[in-house]
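Reader: I have a model open and want to go through its fold. Can we take it step by step?

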Amino acid sequence: PSVDLFGTPVNRCVKINHLAKQNSMIIGRDMHRTVKKITDFAYEKIGSYAVNTRFAYPVYSVQKNSNII
């Protein structure tokens, strides 16, 4: 299977980027599903991006856990 790194992923990133606070990082649902078990970071759902009238794409903020040095 091929992976599209330039089409949909980049377009979605541009569309959710406005939800990020200055000097912060956000990720979408697909990336969250991949990394959510990495305990070095905390993930918080901060909103969603409306893809169309029937579907909203969840967006998460990412922060390093405070107990990690």
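Reader: Which residue in β3 does M25 stand opposite?
Author: This is a predicted model, where local features need pLDDT of at least 70, side-chain atom pairs count only at pLDDT 80 or more, and totals for chains, interfaces and linings use all residues. Residues are numbered from 1 along each chain as its sequence is written, and side-chain values use heavy atoms, with hydrogens and water left out. Strands here are DSSP runs of E with at least two residues, helices are runs of H or I with at least four, and both are numbered from the N terminus. In β3, the residue opposite M25 is V62.

Reader: How many bridges join β1 to β3?
Author: Two strands pair if DSSP finds at least two bridges between them. β3 covers residues 56–64 and runs antiparallel to β1. The bridges joining them number four.

Reader: What is the order of the strands in the open sheet?
Author: The sheet has three strands with antiparallel pairing. β1 (25–28) and β2 (41–50) are its edge strands, each pairing on one side only. The order is β1-β3-β2.

Reader: By how many degrees are neighbouring strands of this sheet turned against each other on average?
Author: Axes are lines fitted to C-alpha atoms, and angles run from 0 to 180 degrees between N-to-C directions. For this average, direction is ignored. The value is 30 degrees.

Reader: How many residues lie between β2 and β3 in their hairpin?
Author: Nine bridges join these antiparallel strands. F41 stands opposite K64 in β3. Between the two strands of the hairpin, the number of residues is five.

Reader: Is H32 buried or exposed?
Author: H32 sits in helix α2, residues 29–35. Contact means heavy atoms within 4.5 Å. Neighbours within four places in sequence aside, H32 touches I27, Y43 and Y60. Buried means under 20% relative accessible area, exposed over 50%, partly exposed in between (1.4 Å probe, protein chains only); at 14%, H32 is buried.

Reader: Which residues form a nonpolar patch on the surface?
Author: Patch residues have over 30% relative accessible area and no salt bridge, with nonpolar side chains joined within 5 Å. A salt bridge is a side-chain nitrogen of Lys or Arg within 4 Å of a carboxyl oxygen of Asp or Glu. Areas come from the Shrake-Rupley method with a 1.4 Å probe. With about 330 Å² of accessible area together, the patch residues are F6, V10 and V14.

Reader: What pattern does the protein chain follow along the sequence?
Author: The chain has two helices and three strands. Read in sequence, the pattern is α-β-α-β-β.

Notes. Patch = residues over 30% accessible without salt bridge, like charges linked within 9 Å, V, L, I, M, F, W, Y side chains within 5 Å.
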